[in-house]
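Good morning, and thank you for coming.

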Amino acid sequence: MNGSRTRNRKKIVIVFFCIFLVMLFMAGRLVYLMVFRSVYYSAKAQDLHERERDIKAARGKILDINGTVLASNRSVCTISVIHSQIEDPKQVVRVLSKELEMDEDTVRKRVEKVSAIERIKSNVAKEVGDRIRGHKLAGVKVDEDYKRYYVYDSLASKVLGFTGGDNQGIIGLEVVYDDKLMGTNGKILTLTDAKGVEIADAGESRLNPVDGNNLRISLDYNIQMYAQQAAEKAMQAKEADSVSVIIMKPSNGEVMAMVNLPEFNLNEPYELPEQVTAASAEQKQELLNQMWRNGCINDTYEPGSTFKVITASASLEAGVVSLNDHFFCPGYKIVEDRRIRCARTSGHGAQNFVQGLENSCNPVFIELGMRLGVDQYYKYFKQFGLLSKTGIDLPGEARTIMHEKKNIGQVELATISFGQSFQITPIQLATTISSLINGGKRVTPHFGVQVEDQEGNIVEKFDYEPKEQVVSAETSKTMRSLLEKVVSEGGGNKAYIEGYQIGGKTATSQTLPRSAHRYIASFMCFAPADDPQVLCLVIINNPSGVYYGGTIAAPVAKELFLNILPYLDIPKSQDASQAKESQSADRNAE
């Protein structure tokens, strides 16, 4: 009997001891959670009773070189509903569908969806948001937001680019400098009960947004306007498919204007032109991609005679030609089994190298190509930077489409020498010629100049210092002088402006297939010829009627320089006026 009681007591002691241990563990765990993990679990509890909504940060502005605002923001609203707080669903559907001009069924599906917060529509005009707020509908939230706004609609559309619904860059500078322009969103935190209903009088806590920085670019609004207006005039007059214009500083690669007609409205980037229709969503997207495409950067073309600047520079640098070398042009040149004709089929006859450049004589440049030879010519392609991208701060830059060295025979060498049988981007041509006339330093074309905060203080400055020497200063000086003669005495005379020394080169090329008889007229020029401060490249695609670069592209460049040179305070040269008068007097005497 005593033994049985003793065993029972032991069992009771063990049970109580186990209970004690469990309680001790629970007490210790409670102390641990309440003391050592209190901050963590308080935050978790807070999260369960908080509803979070974003406060959009304003995207930084894009400013031209003089501070003119090109891209800014407009206040808009985002309309959302909180299912658990809606008291009168029918009224909410009726009001929102009317104010937002949305289908009632669409609104009803979103209003009835059981979710913490459901967005009905974003980018709503502020006045519409204010009207909705005035209805004081329980469960309807109207939050301030921003929509990107482009002050001049289509100005430089393919350069600036645009943003999507989330205010992130899609194309152009908007996407390249997205991380500089995009700010940090803020938050609105609202306390709710276990059912998700906001607690009355609990108030809201806010984390304010940080606006994005501004981007200052090298583009000049006034020069861009001059270029766009001149391009529109030329496109209409020649019924051309498109017109491209690049205006840049040869000394440092800053792009002052870039036109790609037809441009598009940046404030309605998903609207196709009225005359263009799409049969499907896929076709519409393809048409939009083409509409957004920047031809100066993304597309290549056969440059024609403007490329003779590269051949001439390489020949002078290699020492295979001198200014007094003599050539004879019968109107063609035989290369292997090909008769390659000159633009002047009757021939230019006897001429020296300077006259050959002024006349843009194909046989002269074929001869220069032969003198250089494949190995040496290809070496200069690389040296001049033609076989790599320019590095411009725009997306989708295309590479030069050039024959592989092993595939260049005598015929290919001949056609390359005067700008045919390969393709190049307009920006690559403008950059390479800039490098050849600026003293010989390779430059990087660019728009970005600096990043500024909202007060205008410089946050970051971009460095685009000229790179390696691609030709000697002497060769560069000679080329400037030769190209000045092309305008004052040669085929580029329609770009001549009294009082200014302008260098330039005309070009007329054909697109493939040749049988289609579609031409590209272009003209490259720079001023002043002795100290280039501005370079202009004009390209007119598939003009109707007369299609020669010297006839239709050079006058466009002249019109531009008549506006741009005085605007940039580039003074006239008295020597240039006197030289022209002297030449005119000599011709009259003859």
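In strand 15, the residue opposite R216 is Q450. R216 itself belongs to strand 8, residues 214-217, and strand 15 covers residues 448-452. This is a predicted model, in which local features need pLDDT of at least 70 and side-chain atom pairs count only at pLDDT 80 or more, while totals for chains, interfaces and linings use all residues. Residues are numbered from 1 along each chain as its sequence is written, and side-chain values use heavy atoms, with hydrogens and water left out.

Strands here are DSSP runs of E with at least two residues, and helices are runs of H or I with at least four, numbered from the N terminus. Two strands pair if DSSP finds at least two bridges between them. Strands 8 and 15 run antiparallel and are joined by four bridges. Strand 8 also pairs with strand 2, residues 62-63, in the parallel sense over two bridges. There, L63 has R216 as its bridge partner.

Which way do the residues of strand 8 point? N214 and R216 point one way, L215 and I217 the other, and all are buried. Buried means under 20% relative accessible area, exposed means over 50%, and partly exposed lies in between, with a 1.4 Å probe and protein chains only.

Let us turn to two loop residues. E302 is found in the loop between helix 11 (295-298) and helix 12 (308-318). Is E302 buried or exposed? E302 counts as buried because its relative accessibility is 7%. A polar atom of its side chain lies 3.0 Å from the backbone nitrogen of S421. Apart from neighbours within four places in sequence, E302 is in contact (heavy atoms within 4.5 Å) with residues including G419, S421, S509 and R514.

V470 sits in the loop between strand 16 (458-461) and helix 17 (473-488). V470 counts as buried, because its relative accessibility is 1%. Which residues does V470 contact, leaving aside neighbours within four places in sequence? They are Q383, F384, S435, L436, G440 and R442. As for G440, 30 residues away along the chain, its C-alpha atom is 5.4 Å from that of V470.

Finally, consider I12, which lies in helix 1, residues 2-36. I12 is partly exposed, because its relative accessible area is 47%.

Notes. A polar contact is a pair of N or O atoms within 3.5 Å; within protein, one must be able to donate a hydrogen and the other to accept it, and residues adjacent in sequence count only if both atoms are side-chain atoms.
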